[in-house]
Amino acid sequence: MPGTPPTRFVYLGPEGTFAEQALRTIPAAERGQRTPARSVGEALDLVRSGDADSALVPLENSIGGGVGVTLDEMVAGSPLVITREVVLPVEFVLAARPGVTLSSIRSVAAHPQASTQCRGWLRDNLPDAVVVDVLSNGAAARSAATGEHDAAVCAPIGATQQRLTVLAEKISDHNDAVTRFVLVSRPGTPPPATGDDRTSLAVYIAHDRVGVLLAVLMELAVRGVNLTRIESRPTGEALGRYAFFLDCTGHVADDRMGEALRGLRRVSAEVRFLGSYPRHRWTDSESDGPVPAPPGQSDVDYADAAAWLDRIRRGD
């Protein structure tokens with residue numbers, strides 16, 4: 001129910017993955033019930049059916065970009081909204097059973113994306129080891145724990161859960177890689193504005209209208225709404241039909257965001273609101289704060305302009 005704090009959480013499983021690690025950074029999820037799902041679609045459908053309150057799923061990665069299946073599933077069924085984001089550093093470790101040494105490793109279990117991101121380290125440190133593809137980072141950790149493989153490239157939480165010894169930390173070739181996860185719930189009142197928020201939208205455009213994408217972007221630009229991400233996905237209707245997924249700074253309660261949404265509604269074939277929620281903050285430094293509104297585009301400016309127009313209409 002809207003307004004009721006979530007207690008039943010589902011996440012893209014299995015156990016021992018970065019998704020579980022990200023979910024457990026949320027205090028309510030750490031206290032509540034956590035259930036792994038076999039796919040993003042299954043996780044979101046459990047929320048839609050009411051069998052879970054919220055689902056945590058990956059939305060984008062700083063190396064691989066947007067997670068297409070999440071974007072597609074977000075708009076494929078009944079509406080869902082994002083209520084929170086979690087940005088997690090992707091820090092892979094090499095782990096093995098106690099007693100296994102680096103020089104004795106002949107086989108390494110790894111999810112294909114994990115082995116790709118750690119290719120350089122594996123080449124330099126385990127040149128003779130065979131890397132075996134498995135279905136998830138959690139499965140890699142379990143295969144090392146059972147002795148099926150000598151070691152695993154996995155998430156730190158997987159090594160801890162399987163009681164493995166970490167032989168090497170931060171073995172990714174991109175040490176600053178991060179994955180952005182989103183907590184998704186059934187529609188309700190958005191979280192209160194914090195002054196440092198993000199709004200996500202799916203915008204469908206009429207394919208036979210010249211310049212309609214420019215018109216969409218102008219609705220944001222002229223109101224000083226900062227566009228932080230745009231990505232197109234095919235709608236599945238026909239070749240050349242796309243939906244555009246947008247992330248913007250600001251909250252639906254902000255005057256300038258509200259004006260922008262009204263404008264998008266007018267110029268687009270359809271707009272699906274995907275949520276307004278607090279932006280993930282890395283630090284408390286000033287440089288990590290919200291992008292300020294341009295001159296004339298703050299909520300105070302909008303309120304002043306609205307009051308001015310009201311006075312004119314009243315004849316004051």
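**Reading loops and helices**

Visitor: In which loop is K170 placed?

Guide: The loop that holds K170 runs between β10 and β11 (178–185). In such labels, helices (H or I, at least four residues) and strands (E, at least two) are DSSP runs, numbered from the N terminus. The structure is a predicted model, in which local features need pLDDT of at least 70 and side-chain atom pairs count only at pLDDT 80 or more, while totals for chains, interfaces and linings use all residues. Residues are numbered from 1 along each chain as its sequence is written, and side-chain values use heavy atoms, with hydrogens and water left out.

Visitor: What is the phi of K170, and is this residue buried or exposed?

Guide: Buried means under 20% relative accessible area, exposed over 50%, and partly exposed in between (1.4 Å probe, protein chains only). K170 has 54% relative accessibility and counts as exposed. Its phi is near 50 degrees, a positive value in a residue other than glycine. R163 also has a positive phi, near 55 degrees, and is not glycine. R163 lies in the loop between α8 (156–161) and β10 (165–168), and is exposed at a relative accessible area of 71%.

Visitor: Which peptide bond is cis?

Guide: The bond from G13 to P14 is cis, with omega near 5 degrees. P14 is found in the loop between β1 (8–12) and α1 (18–23).

Visitor: Which residues make the contact?

Guide: Contact means heavy atoms within 4.5 Å. V40, G41, L44 and R48 of α3 meet V69, T70, E73, M74 and A76 of α4.

Visitor: Which residues of α9 are buried, and where on the helix do they fall?

Guide: In α9 (residues 212–221), the buried residues are V212, V216, E219 and L220. An arc is judged from the directions that run from the helix axis to the C-beta atoms. Seen down the axis of α9, the buried residues fall within an arc of 100 degrees, so they line one face of the helix. Their cover includes β12 (197–204), β13 (227–234), β14 (242–249) and α10 (255–267).
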